[in-house]
Amino acid sequence: MTSHTASPKPLAGWRILVPRGGPWGHGVASDLRAVGATPIVAPLINFAPTEDSAALESALQRLASGAFDWLTVTSATTVDVLSAHQALVPTSTRIAAVGETTASALMSAGYRVDLVPLEDNSAKGLLSEMKQFEEAGASLRILTLRSEIAKPVLSLGLAQRGHSVESVVAYRTIGVPVDPNIREEVIAGFIRAILVTSGSVAEQVQLQLGPIPETTIVACIGPVTAQDARSYGLRVDLVAAERSAESLIETLIEAAGALH
């Protein structure tokens, strides 16, 4: 019997900080309300254009002309960049998405998706899944679009396997100052849980809100984010099994059940 059936509102009375706005943040807020929580949407990061827009525009022009066999997309933000530039992806170029969230963002924006890792939704997972499309001795031409701070796991891994990889920065991640009232709520221990959805969010949580009170649960959206959070000195209490908002909320519900 799951905690869902035990109580229709397993997170009743929980104030939960959602560190991202936009469609993702508001979708998560609505899912949290459905299980009784009070979400506090406070975007801690935002995205800014790349400082080298000429390199990005040149890469997107060559993409449209069919210069690449593959395009790899590792975040929904990259999809926003593709849409903003009205980037064309010819049918001869296959598109690999790092996970379901990115894949659905691509499809919503009118792009097709040829590959999504089944289990490991990370650059490492994508790297291993792309192996099946490689032919012995053949070098693929691959465009990887990434954020300025992303670790070049995918580009390096593909290059080591003999492919011709062009890694281009699509956007920068910048911190957003949090509302002082929210900061006071965190310090006072009024926030029951903080969702941490990426390494850059973890960095801002620690910088702007840390140290987090012991009574507040810090919940990370997967092992990679948890590892990044710890590297910024942020305490991690819960780690979602999968890199999805659903899994993150499920982890909180299990924790709430264990407290009763």
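Colleague: Happy to look at this with you! What makes up domain 1 and domain 2 in this chain?

Modeller: In this predicted model, domain 1 takes in 15-44 + 176-259, while domain 2 covers 48-173. Between their centres, taken over C-alpha atoms, lie 28 Å.

Colleague: How do you know which residues of domain 1 and domain 2 are in contact, and how many are there?

Modeller: Contact asks for heavy atoms within 4.5 Å. By that test, four residues of domain 1 are in contact with five residues of domain 2. The area buried between the two domains is about 360 Å², and carbon and sulfur atoms give 54% of that area. On the side of domain 1, the residues losing the most area to domain 2 are S200, D228 and R243, which together account for 70% of what that side buries.

Colleague: How many salt bridges does the rule find across the interface of domain 1 and domain 2?

Modeller: The rule wants a side-chain nitrogen of Lys or Arg within 4 Å of a carboxyl oxygen of Asp or Glu. Across this interface it finds zero salt bridges. The side of domain 1 that touches domain 2 has one nonpolar, one polar and two charged residues.

Colleague: Good to know! And what is the secondary structure of the chain?

Modeller: The chain comes to 11 helices and 10 strands.

Methods
Residues numbered from 1 in each chain as written. Predicted model: local features only at pLDDT ≥ 70, side-chain atom pairs only at ≥ 80, totals over all residues. Heavy atoms only, no water. Domains from an automatic or database assignment. Buried area = accessible area lost by both parts, 1.4 Å probe. Nonpolar A, V, L, I, M, F, W, Y, C, P; charged D, E, K, R; others polar. Helix = DSSP H or I, 4+ residues; strand = E, 2+ residues; numbered from the N terminus.
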